Amino acid sequence: MTAPGAGAAGAGSQSGSNSLGAAFDGDRYAGATSHHRARDAETLDGLDLVPGASVLDVGCGVGDLTPALWEVVASRGAVTGLDVSSSVLACAAAAAGERPGLSWVNAPAQEVASVVGPASQDAVVSVAALHWVPGGDQQRVLDGMAGELRPGGRLRVDMGGAGQLAEVFATLDEVSAAHEVSAAHGGGPCPLFVPGAEDYRAMVEAAGLAVERGALVSQRRDLGDADGVDVRLVSQVLPAYRASTADDAWDAFAAQARTRVQAVMPDHVAAYVRLQLGARRPG
């Protein structure tokens, strides 16, 4: 699960905060990514990586896609996974082990321009991450990713798009705003950035890239059972509300949220809307 309808929790022994102030538990997150991995072929279609290529994975999370990219470009190639959360990067590094040419960088997406050097990458990939970047920072991130690409290099993005999990996030916004969640104040609405295809295409083109494809794709993702819904809610959705919820209200908010979301997803199927985009640096 990731991202709500328009515009733009948890804690572990090692936590990390993203640009919107959410904290992720790497171990918990690592057990809930299979629904993303099942869609990777759609995102990476046409990327045509070859041995020796250099790839940057922005918002790599627990790194279960990053080593798969490395397998394609090894042994002469290089893959760098970037994420702002130290918790998920610790999981990524531990799972992948030592591999020549595979490295991890703990930094926000806003600093992508300083990660590996200008015009050094054959591909930049970002899956289920950029909706966590505030809308006001999106152009900076896109400019940075474009600048990392060699002429002819390609960008592939999968992120929450307008309409993503609309019923789920409407429910969570209601719980967040409810007075009973906190005697001090209600929480805010979900802050994730989930644009329409044309708006984001314009931003990508403003970064100097030629858009090859860009569309909102509706998907129905079967999360299996109530436990499958719950683990994804706790690890990938509720963190979006953490910064706007008072500490003394968090447990009550999370408990209500979990109960209410189970009620609106009785079939355990999540209505995703993904923005899938492919672009190329001219030259």
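This is a predicted model: local features need pLDDT of at least 70, side-chain atom pairs count only at pLDDT 80 or more; totals for chains, interfaces and linings use all residues.
Two packed helices are described by the angle between their axes and the distance between the axes. Helices H7 (residues 166-177) and H10 (residues 250-264) pack with their axes 9 Å apart and at an angle of about 150°. Because angles over 145 degrees count as roughly antiparallel, H7 and H10 are roughly antiparallel to each other. On the side of H7, the contact is made by Glu167, Val168, Thr171, Leu172, Glu174, Val175 and Ser176. On the side of H10, the contributing residues are Phe253, Gln256, Ala257, Arg260, Val261 and Val264. By class, the residues of this contact between H7 and H10 comprise 7 nonpolar, 3 polar and 3 charged. The crossing of the helices H7 and H10 is right-handed.

Helix H10 also packs against helix H9 (residues 226-237). The axes of H9 and H10 come within 10 Å and cross at roughly 135°. H9 is therefore oblique to H10, and their crossing is right-handed. In this contact, Ala226, Val229, Asp230, Leu233 and Val234 of H9 meet Ala257, Arg258, Val261 and Gln262 of H10. The residues divide into 6 nonpolar, 1 polar and 2 charged. Ala257 and Val261 of H10 take part in the contact with H9, and Ala257 and Val261 also belong to the contact of H10 with H7.

A further packed pair consists of H6 (138-148) and helix H8 (residues 197-206). The axes of H6 and H8 lie 8 Å apart, at an angle of about 50°. The two helices H6 and H8 are therefore oblique to each other, and H6 passes H8 in a right-handed crossing. From H6, Gln138, Gln139, Leu142 and Asp143 take part, and from H8, Tyr200, Met203, Val204 and Ala206. This contact of H6 with H8 contains 5 nonpolar, 2 polar and 1 charged residues.

Aromatic residues were examined next. A pair of aromatic rings is described by the distance of the centres and the angle of the planes. The count of aromatic pairs comes to 4. One of them joins Phe193 and Tyr200, whose ring centres are 6.3 Å apart and whose planes stand at 50°, a tilted arrangement. Phe193 is buried, because its relative accessible area of 12% falls under the 20% cut-off. Tyr200 is likewise buried, with a relative accessible area of 0%. Tyr200 is also among the residues of H8 that contact H6.

Trp250 and Phe253 form another tilted pair, at 5.3 Å centre to centre and with 45° between the planes. Trp250 and Phe253 are 3 residues apart in helix H10, which means that about one helical turn separates them. Trp250 counts as buried at 10% relative accessibility, and Phe253 counts as buried at 0%. Both Trp250 and Phe253 belong to one aromatic cluster, together with Phe169 and Tyr241.

Asp48 is not a glycine, yet its phi is positive, near 55°. Asp48 lies in the loop between helix H3 (40-44) and strand E3 (54-58). Asp48 counts as exposed, because its relative accessibility of 65% is over the 50% cut-off. Ala128 likewise has a positive phi of about 55° without being a glycine. The loop that holds Ala128 runs between strand E6 (121-127) and helix H6. At 8% relative accessibility, Ala128 counts as buried, whereas Asp48 counts as exposed.

Ser120 is located in the loop between strand E5 (102-106) and E6. With 15% relative accessibility, Ser120 counts as buried. Apart from residues up to four places away in sequence, Ser120 touches Ser54, Glu148, Leu149 and Arg150. Ser120 and Leu56 are 64 residues apart in sequence, while their C-alpha atoms are 9.6 Å apart in space.

Notes:
Residues are numbered from 1 along each chain as its sequence is written. Side-chain values use heavy atoms; hydrogens and water are left out. Axes are lines fitted to C-alpha atoms, for helices over the stretch in contact, and angles run from 0 to 180 degrees between N-to-C directions. Helices (H or I, at least four residues) and strands (E, at least two) are DSSP runs, numbered from the N terminus. Angles under 35 degrees count as roughly parallel, over 145 as roughly antiparallel, 65 to 115 as roughly perpendicular and the rest as oblique. A crossing is left-handed if the near helix is turned anticlockwise from the far one by less than a right angle, and right-handed if clockwise. Contact means heavy atoms within 4.5 Å. Ala, Val, Leu, Ile, Met, Phe, Trp, Tyr, Cys and Pro count as nonpolar, Asp, Glu, Lys and Arg as charged, and the others, Gly among them, as polar. Rings of Phe, Tyr and Trp (its six-membered ring) pair if their centres lie within 6.5 Å; planes under 30 degrees apart count as stacked, over 60 as edge-to-face and the rest as tilted. Buried means under 20% relative accessible area, exposed over 50%, partly exposed in between (1.4 Å probe, protein chains only).
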